[in-house]
Amino acid sequence: MPSFAHLTEEFFRTLPFFWKPLLLTFQLTIASVIVGSIIGLFVALLKVSKLPVARFIANAYIMIIRGTPLVVQIFVLYFGFYKVIDLGQFWSAALALAIHSGAYIAEIFRGSIQSIDKGQMEAGLSLGMSARQTMRRIILPQALKRSIPPLGNQFILSLKESSLAAFIAMDELFSLARRLSAETFDEMTYFLIVALYYLVIVMAITFVVHIMEKRLAKGEA
C-alpha cells in the first residue's frame with residue numbers, strides 16, 4: 001500500500017497527464033447521455049404505445065441490452081462493424097454507452113410518463129388536441145421535469161461505465177492509469193489516483209443533481 005506522501009507526490013506529478021483523458025472521459029459521457037436520452041425517449045414512447053408491435057420492440061430492446069454486458073456491446077460495435085463502417089474508438093464507445101444507457105433511460109421516461117395523472121390526457125383531448133399533441137404539449141414536459149433526478153444518477157453511472165472504453169485502447173482516465181501502472185509497476189498508486197478523480201467528479205455531479213432536485217421540489221410546491 002503506497003504511503004500518503006507518495007500518493008500526493010504522484011498525484012501532482014501526473015496531474016498534467018490526466019487533463020486530456022479527463023476531458024475525453026467527459027466528452028464520452030456527455031455524448032453517450034445525450035444520444036442515450038434520445039434513444040430512451042423514443043423507446044419509452046414505444047412502451048406506452050397502444051400498439052402491441054411497438055411495445056414488443058421496446059421490450060425486446062430493453063431485455064437484450066440489459067441482459068448483455070456493456071463491454072461485449074462495445075466490442076461488437078468496435079470490432080464487429082468495422083468492415084461495414086469504421087466508427088472509430090470514440091463513437092464505438094459512445095454509441096455502445098448510449099445504447100446501453102438508453103435501455104435504462106427508457107424505463108426512467110416510461111415511469112415518468114405513466115406517473116402523470118391520466119386526467120391530463122383526457123383534458124387535452126377534451127380541448128380538441130389529438131393524443132399526440134397532448135403527449136407533446138402537456139404530458140412530456142411534466143414527465144421530462146420529473147425525470148431529471150434519476151437522469152442525473154444515470155449520468156453518474158455512464159461516467160463510471162466509460163472506464164470500459166479502456167478495453168478498446170481509448171486513452172481515457174482508466175486507460176492512462178493502466179498504462180502508468182504498467183510502466184512503473186506501481187499499480188496501486190495510479191489506480192487510487194484515478195479512483196480519486198472519479199470520486200471527485202461523481203461528488204460534483206451529485207451536488208448539482210441535489211441542487212436541481214431542491215429547485216424542482218420548490219417549483220412543484
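Okay, let's start with a serine: Ser147 counts as buried, at 0% relative accessibility. Before I go on, keep in mind that this is a predicted model.

So where does Ser147 sit? You'll find Ser147 in helix 7, which covers residues 131-161. And what does its side chain make a polar contact with? The partner is the side chain of Ser112, at 2.8 Å. If you leave out residues up to four places away in sequence, Ser147 touches Ile108, Phe109 and Ser112. Ser112, then, turns up both in the polar contact and among the residues touched.

Now a glycine. Is Gly67 buried or exposed? Gly67 has a relative accessible area of 59%, and the cut-off for exposed is over 50%, so Gly67 is exposed. On the chain, Gly67 belongs to the loop between helix 3 (52-66) and helix 4 (70-80). I also have a distance for you: from the C-alpha atom of Gly67 to that of Leu125 is 38 Å, and the two residues are 58 residues apart along the chain.

Right, on to helix packing. Two packed helices are described by the angle between their axes and the distance between the axes. I'll go through two pairs that way.

Take helix 1 (residues 4-13) and helix 2 (residues 15-47). Their axes come within 5 Å and cross at roughly 60°. Helix 1 and helix 2 are therefore oblique to each other. Which residues make the contact? From helix 1 we have Phe11, Phe12 and Arg13, and from helix 2 we have Leu15, Pro16 and Phe17. Sorted by class, the contact of helix 1 with helix 2 has five nonpolar residues, one charged and no polar.

Helix 2 also meets helix 3. Here the axes of helix 2 and helix 3 come within 7 Å, with a crossing angle of roughly 135°. Why call that oblique? Roughly antiparallel needs an angle over 145 degrees and roughly perpendicular runs from 65 to 115, so helix 2 and helix 3 are oblique to each other. The crossing of helix 2 past helix 3 is left-handed. On the helix 2 side, the contact is made by Ile39, Val43, Leu46 and Lys47. Helix 3 brings Ala54, Arg55, Ile57, Ala58, Asn59, Tyr61 and Ile62. By class, that contact of helix 2 with helix 3 divides into eight nonpolar, one polar and two charged residues.

So, to recap: Ser147 is buried, Gly67 is exposed, and helix 2 is oblique to helix 1 and to helix 3. That's me done, thanks!

Note on methods:
Residues numbered from 1 in each chain as written. Predicted model: local features only at pLDDT ≥ 70, side-chain atom pairs only at ≥ 80, totals over all residues. Heavy atoms only, no water. Axes fitted to C-alpha atoms, helices over the stretch in contact; angles between N-to-C directions. Helix = DSSP H or I, 4+ residues; strand = E, 2+ residues; numbered from the N terminus. Parallel < 35°, antiparallel > 145°, perpendicular 65-115°, else oblique. Contact = heavy atoms within 4.5 Å. Nonpolar A, V, L, I, M, F, W, Y, C, P; charged D, E, K, R; others polar. Buried < 20%, exposed > 50% of the residue type's maximum accessible area, 1.4 Å probe, protein only. Polar contact = N/O pair within 3.5 Å; in protein donor to acceptor, adjacent residues only side chain to side chain. Left-handed = near helix turned anticlockwise from the far one by under 90°.
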